[in-house]
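Good morning, and thank you for coming. Please look at the sequence and the structure together while I speak.

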Amino acid sequence: MRSVLKQIIAKNKQEERDLRLARQAEIENPKTADDRRSFLKKTALGGIAMTGMMGLGIEDTIAQTTSKVSRMSAPSELKITDMRYALTNVMGGTAIIKIETNQGIYGLGEVRDAADVRYALFLKSRILGKNPCNVEKIFKSIKQFGGPARQAGGVCAVEMALWDICGKAYNVPAWQLLGGRYRDKVRLYADTPEASSPEEQKRLIDFRVNEQGYTWLKMDVSIGELRGKPGTVVNGKFWENDKGVLAQWGDRRNMMSYGNTMHPFTQIQITEKGLEVLQQVVEDVRNMVGYEIPISTDHYGHFDLNNGIRLAKALDKYRLAWFEDMVPWQYNEQWKIITEAIETPTTTGEDIYLLKDFMPLIQNRAVDIVHPDLASSGGLLETKRIGDYAEEFGIAMAMHQAGTPVSFMANVHCAAATQNFLALEHHSVDVPWWESLVKTVGGFKMIDKGFATVPLTAPGLGIELDEEVVKAHLHQSDKTFFKSTEEWNELRSHDRTYS
């Protein structure tokens with residue numbers, strides 16, 4: 001036993017000598033910043049001096065000061081020094097940001113899918129020099145620059161990255177910083193796109209259920225299924241674009257297009273024949289899947305609450321997990337009318353920013369389930385607050401997610417820390433390189449048989465980028481890779497929102 005202890009002491013001595021030499025070399029390096037040099041000088045003696053005062057021998061002192069201690073961080077002296085980005089090809093252009101610090105620790109965040117990375121870069125001058133571990137303090141100073149849907153992308157990206165840094169600084173997973181975990185794995189629901197035929201739909205479903213082990217699915221029940229079927233839709237022709245389709249995702253250059261017109265204002269109606277066709281679509285999928293697996297639905301089209309209720313009642317018998325975004329989230333009273341009129345659970349929220357705009361839906365029990373997207377709702381802590389508030393009213397929380405593994409893992413940590421959580425969306429099931437964008441710290445399997453693994457010991461979000469894979473999947477519009485963003489360093493305005 002004594003010989004083993006001597007070996008351990010000798011090993012600790014050697015490690016301490018190596019560390020001391022490396023520290024001194026960095027202190028003497030003319031490129032070392034003054035604040036970093038000051039930190040190194042302080043930590044050179046701090047640990048040994050303290051234990052020496054306690055009367056411990058040098059061997060015990062070294063063992064004491066090197067056991068389970070992160071030598072890379074003094075959290076109270078951390079400062080944000082930079083923010084850079086890489087625009088990936090996920091969902092047609094999703095930016096990953098990297099926030100760097102004076103101690104070499106960095107954090108990863110993500111600007112919501114299809115949002116402009118400048119939503120995040122705009123915030124750089126407002127966070128430089130701040131201690132990233134003061135997450136809530138920084139969040140409160142920048143949340144005024146977020147808004148609904150993708151307008152919140154920058155604020156949420158920064159918040160994710162701050163938790164990643166903070167977890168690394170204290171050597172704990174992000175879920176621990178949110179108050180602890182309720183679960184060791186997070187149930188996923190696999191988004192299943194519309195298919196050109198029942199055979200193709202069956203192939204997609206078999207891949208998800210039988211090959212990948214998903215236990216929850218989501219499908220679109222869109223009036224796009226009625227295209228080319230006479231007598232199924234009233235007033236749809238008026239809204240078709242020049243390609244003869246109802247472009248649900250809108251036209252950025254035409255704010256009066258179908259996709260940019262809120263649901264109550266199109267006066268599109270579904271006929272009885274149309275309802276029969278959509279019933280058949282859902283029945284076909286339900287017959288393929290069976291009744292053991294929940295099926296959620298989304299993307300119906302832009303029509304009013306009356307037609308939403310008619311559609312929901314036609315599909316009630318298939319016991320769907322939920323109807324999502326039947327009308328815009330802003331129409332709290334309409335949501336309450338729909339929820340009270342149908343038997344299937346209702347949900348909305350992927351475009352809501354902050355708890356305050358979830359409150360009317362929750363307080364009025366206007367929906368059965370809240371459905372925030374963490375990359376729009378305010379980040380990890382704000383989303384947990386949304387879930388906790390909903391829980392007080394007996395309302396569950398599912399989570400929308402359609403980004404890279406960075407926001408995916410941010411969601412996993414939040415879901416692990418929230419009791420009333422149901423399932424998290426995975427939107428890239430059919431993208432073979434998606435998981436390879438990152439490496440998990442410690443080698444845990446990110447997704448296993450339809451569940452995400454909650455990292456139990458990996459600090460922060462628990463992932464690092466695989467830079468070569470990211471470089472191979474940059475968006476064609478911006479092939480730069482974490483280039484300098486110095487043009488965003490200067491603060492040019494006074495941001496106080498009151499006089």
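I begin with strand β4, residues 185–192, which is mostly covered, as six of its eight residues are buried. Buried here means under 20% relative accessible area, exposed over 50%, and partly exposed in between, with a 1.4 Å probe and protein chains only. Helices (H or I, at least four residues) and strands (E, at least two) are DSSP runs, numbered from the N terminus.

This is a predicted model, in which local features need pLDDT of at least 70 and side-chain atom pairs count only at pLDDT 80 or more, while totals for chains, interfaces and linings use all residues. Residues are numbered from 1 along each chain as its sequence is written, and side-chain values use heavy atoms, leaving out hydrogens and water.

Which strands are joined to β4? Two strands pair if DSSP finds at least two bridges between them. Three bridges link β4 with β16 (residues 451–453), and these strands run antiparallel; there, valine 186 stands opposite alanine 452. With β13 (residues 421–426), β4 runs parallel, again through three bridges. Strand β5 (residues 217–220) is also parallel to β4 and joined by three bridges. Alanine 190 has histidine 426 as its bridge partner in β13 and leucine 217 in β5.

Let us turn to helix α11. Its buried residues, among them Gly274, Leu278 and Val285, pack against α9 (198–211), β5, β7 (269–270), β8 (295–298) and α12 (305–315), where contact means heavy atoms within 4.5 Å. Just after α11, glycine 290 takes a positive phi of about 90°.
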